[in-house]
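Hi,

Here is the structure I promised to pass on to you. My notes on it follow below the file.

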Amino acid sequence: MKIKRKKILIVIGGGISAYKSLDLLRFLKKDGYEIKIVLTKSGKQFVTPLSLVSLSGGKIYENLFDKNSEAEIDHIALSRWADLILVVPATANIISKLSHGKAEDLASTILLASNKDIILVPAMNVRMWSHKATQENCKKLITYGYKFLGPTEGQMACGEFGKGKMLGPKKIYMEIKNYFYKRNIVKNKKFKALVTTGPTREYLDPVRFISNESSGKQGYEIALALKRMGVKTTLIAGPSNLQIEKGLKVIKVKTSDEMFSAVKKSLPVDVAVFTAAVSDFKPSTFQKNKIKKDKSKERIELDGTIDILNYIGKTNQNRPKLVIGFSAETEKLLHNSKIKLKNKNADWIIANDISKNDIGFNKDYNAVTIIRSDGKVSQIKKNKKSFIASIISGEIIKKLLINDKSLN
Ligand SMILES: Cc1cc2nc3c(=O)[nH]c(=O)nc-3n(C[C@H](O)[C@H](O)[C@H](O)COP(=O)(O)O)c2cc1C
């Protein structure tokens with residue numbers, strides 16, 4: 001069987017530690033990784049393209065507007081080629097550019113255009129690292145889902161002592177091996193997930209419906225994070241304006257009945273995450289033709305809709321190992337969510353407070369509390385929904401791996 005070699009795109013920035021990337025390159029090549037290198041203009045002051053060519057055995061990419069290399073492989077193709085992008089060293093300047101969305105040279109354009117995991121390995125003087133601006137930039141990048149390796153504390157090339165020192169090449173190499181090892185474990189397990197998201201529409205007639213403010217962002221981010229972590233994921237989405245990333249399987253639905261039927265069809269899965277704001281009510285009757293204005297004073301009779309979480313939590317047929325519900329509450333958040341957890345036989349309830357203006361429904365930020373059936377409660381403080389999604393997905397995978405072990 002042919003083993004697929006992992007592809008790493010290494011971006012080398014303009015720091016004194018750039019020379020360490022040569023040893024890292026040697027370790028990775030020896031271990032069979034496929035490497036392509038992007039060298040920034042400042043990076044070239046610290047390591048020569050010639051030494052990189054000799055070690056990598058390939059071309060070094062330097063310019064955004066290089067007629068020959070752009071024709072051969074452009075910045076988008078380079079970022080799509082990689083399984084992982086590594087920035088070594090990640091200078092204060094590269095970190096700042098990325099956190100501000102700048103794309104002014106080949107390296108920064110690749111980083112901004114990438115849809116892959118990016119690991120930043122910072123290296124800089126202690127003052128540069130501890131500067132508020134750098135710290136704010138790093139915080140921002142973490143909320144965007146970027147990963148950092150280091151820096152560590154130690155004696156610097158400039159003679160000062162403190163935090164800002166780049167990790168050693170051996171340590172970086174071990175971390176990369178570990179990253180791929182973990183990703184492979186999850187992939188090889190072939191876990192499956194379904195995530196519901198968005199609102200539902202409950203139609204009165206062909207043009208009028210009952211719905212709610214849900215944007216579907218949180219569920220979408222969870223589906224994306226699970227997929228990126230190697231879980232085969234289906235997103236069942238009610239009507240929304242979400243720009244869905246290519247490659248994510250999406251089933252679009254409108255009504256709660258359609259969502260319920262899509263959920264049942266998507267079983268069996270290992271984990272089901274119900275983030276959708278399914279309407280609790282639907283009109284008792286559906287008028288085939290548009291209701292006339294003169295009938296507008298008529299009362300609308302409502303029926304309850306199917307409670308999908310409750311159904312899946314209690315089903316004996318293909319019940320997922322992990323059933324997770326979202327609970328949007330405006331009062332008594334924990335109390336109400338705990339009741340929901342029990343009544344619906346869910347394994348976890350993820351509670352979010354929708355009484356606040358800056359988080360939750362239709363916002364980019366959220367703050368949630370995970371309440372587990374074993375009594376464990378953990379909080380994820382206010383952050384971007386993408387960040388919250390990556391933490392929740394990490395917790396889901398941890399739980400699936402533990403369950404899997406106990407079954408073997
Ligand atoms: C001798 C020397 C050493 C430098 N070392 C570092 C460093 O370790 N980290 C850093 O962030 N910047 C360092 N700089 C500053 C960067 O080279 C400068 O900010 C540059 O614009 C970064 O380019 P890049 O965005 O291509 O990395 C150093 C500059 C000089 C002249």
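Helix α5, spanning residues 92–99, is largely enclosed by the rest of the structure, because six of its eight residues are buried. Keep in mind that this is a predicted model.

Just after α5 comes G101, which takes a positive phi of about 70°.

Another glycine with a positive phi turns up in a hairpin: G159, at about 100°, sits in the turn between β7 and β8. Five residues separate these two strands. Strand β7 covers residues 152–155 and β8 covers 161–165, and they pair in the antiparallel sense over four bridges. In that pairing, T152 stands opposite K165 of β8.

On the overall layout, the domain assignment gives domain 1 as 7–186 and domain 2 as 190–400. Their C-alpha centres are 38 Å apart. As for how they meet, five residues of domain 1 are in contact with ten residues of domain 2. On the domain 1 side of that contact, two residues are nonpolar, two are polar and one is charged.

Best wishes

Technical notes: Residues numbered from 1 in each chain as written. Predicted model: local features only at pLDDT ≥ 70, side-chain atom pairs only at ≥ 80, totals over all residues. Domains from an automatic or database assignment. Contact = placed C-beta atoms within 7 Å. Nonpolar A, V, L, I, M, F, W, Y, C, P; charged D, E, K, R; others polar. Pairing = 2+ DSSP bridges. Buried ≥ 20, exposed ≤ 12 C-beta atoms within 10 Å, placed from the backbone.
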